[in-house]
Structure formats: C-alpha cells, structure tokens
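Subject: Structure for your review

Dear colleague,

Please find below the structure that I am handing over to you.

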Amino acid sequence: MIEYIKGELTELTPALATVEAAGVGYGLNISLNTYSAIQGKKEVRLYVYEAIREDAYVLYGFVNKKEREMFELLISVSGVGPNTARMMLSSMSVSELCGAISTGNERIVKGIKGIGKMTAQRIIVDLRDKIVALGIADEIPAGGTIATPINNAVRDEAVAALTMLGFSPAPTQKVVIAILQEQPDAPVEQVVKLALKQIK
C-alpha cells in the first residue's frame, strides 16, 4: 500500500494534483482543502488513499493524515462514495465537519451538495462516536460538545436565515457560534446582523 507520495508538484488544479516522484508522475484526486494547502509549493508530500475497482485504479491525495482518516470514515458509511467524501472535504475543513457530525447538526451536513437527509442522518449516527474516539478533531472535547454553552435554537435559526441569503452553511455556522459564545443572550436578528458584517 502507498502511504504517501513525496515529490515535485508538476501540475495542480482544484481537483487534481500531479506529483512526480522518482521519474513517475502520480495523478492524485484532491479536495479543495488540500488544494489550498499546497498551492504555490514546489515540493509536496501527500498522504494517499488507493481506491482499487474492477474498472479503475484511483489515487486520492491528502495534505495530512487527519484529512485522510476523515475521508476513510466517510466512505465507510453506506451510500457515501469517494467522490461524495471528497465533495464533503471540499465544502468544509476537517474540524468543521467533525464539529457538525459530533454535535449532530444534520442541517449543516445536509447542506453539502449531494448529501440528502437520509445520508446526513446515517453519517451522524455512524461516525459521531468514532470521530471522538479517534481524536481526529483535537479542538472538540470528548462527547462532542462546544466549550461555551450556546443557544442551539438561535444558532440553527441564524444559520438557516444566512443560508437562505446565499451564504455557505459551514463558514456561517463558525461565525454564528463565535458570536453566540461572546453574546449568549443575543436574539436571532442581532446574531444575523453581526454575522452579515463578519462573513466574507
């Protein structure tokens, strides 16, 4: 099994990285997170997941082991294939995805392109305990709770309102949680107004 490929980054697109190692150019499917992390670099080391099927031999590359572990967990869920898992890791960072799954936030998971309600529920049920047990998300305490207690109803309503305004759910939730940690009693309208000033 290939653990990682280290070499010269010869070509890079948001979906594919070509790494030349010992005279061989390896084409690795990557997420947007990995793309952002390796952009502009000449030498890279990408951790590899090999997907071997009857009709294809596909390599997926990850900037670190945590992203690869998250990918492997996602594809272990029934109904989630490698491309769906890559889409999920392109829509959110590993820690954001861990946060959404460990806190059971179905709305955020379902907000990712290609993820329906049933799949989102299955991902949360199957992976919630595994994420905490594996320690993939260092910043999430055991049990998957957020350090400062926040008003989940206000959070969900604010995120829903901002999502309807066209903002992406993952970064929106991050901003809303930060606001509620500073101002736990803020009403939905105030949270949305503050978030609108902060979301890029």
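Which residue in β2 does E8 stand opposite? The residue is E20. Please bear in mind throughout that this is a predicted model.

**The strands**

Three residues lie between β1 and β2, and the two strands form a hairpin.

From β2 the chain leads on to another hairpin, formed with β3, in which two residues lie between the strands. In this hairpin A22 takes a positive phi near 50°. Strand β3 covers residues 24–29, and its pairing with β2 is antiparallel over six bridges. As an example to look up, V19 has Y26 in β3 as its bridge partner.

On its other pairing, β1 joins strand β4 (residues 43–52), again in the antiparallel sense, over five bridges. Here Y4 stands opposite Y47 in β4.

How many strands make up the closed barrel, and in what order do they run? There are five strands, in the order β1-β2-β3-β5-β4, and the pairing is mixed. On average, neighbouring strands of this sheet are turned by 55° against each other, with direction ignored. Helix α2 packs on the sheet, where it touches β4 and β5 (57–62). The direction of α2 makes about 15° with that of β4.

**Helix α2 and helix α3**

Helix α2 spans residues 65–75 and helix α3 spans residues 82–91; their axes come within 9 Å and cross at roughly 135°. Because of this angle, α2 is oblique to α3. The crossing in which α2 passes α3 is right-handed. On the α2 side the contact is made by E67, M70, F71, L74 and I75, and on the α3 side by P82, A85, R86, M88 and L89. Sorted by class, this contact of α2 with α3 has eight nonpolar residues, two charged residues and no polar ones.

**Helix α2 and helix α4**

Helix α2 also packs with helix α4 (residues 94–102), at an angle of about 40° and with the axes 10 Å apart. That angle makes α2 oblique to α4. The crossing of α2 and α4 is left-handed. In α2 the residues involved are K66, E67, M70 and L74, which meet V94, L97, C98 and I101 in α4. By class, the contact of α2 with α4 has six nonpolar and two charged residues, and no polar ones.

Is α4 mostly covered or mostly exposed? Helix α4 is mostly covered, with eight of its nine residues buried. These buried residues are V94, E96, L97, C98, G99, A100, I101 and S102. Just after α4, G104 takes a positive phi of about 70°.

Yours sincerely

Definitions and conventions
Residues numbered from 1 in each chain as written. Predicted model: local features only at pLDDT ≥ 70, side-chain atom pairs only at ≥ 80, totals over all residues. Heavy atoms only, no water. Axes fitted to C-alpha atoms, helices over the stretch in contact; angles between N-to-C directions. Helix = DSSP H or I, 4+ residues; strand = E, 2+ residues; numbered from the N terminus. Parallel < 35°, antiparallel > 145°, perpendicular 65-115°, else oblique. Left-handed = near helix turned anticlockwise from the far one by under 90°. Contact = heavy atoms within 4.5 Å. Nonpolar A, V, L, I, M, F, W, Y, C, P; charged D, E, K, R; others polar. Pairing = 2+ DSSP bridges. Buried < 20%, exposed > 50% of the residue type's maximum accessible area, 1.4 Å probe, protein only.
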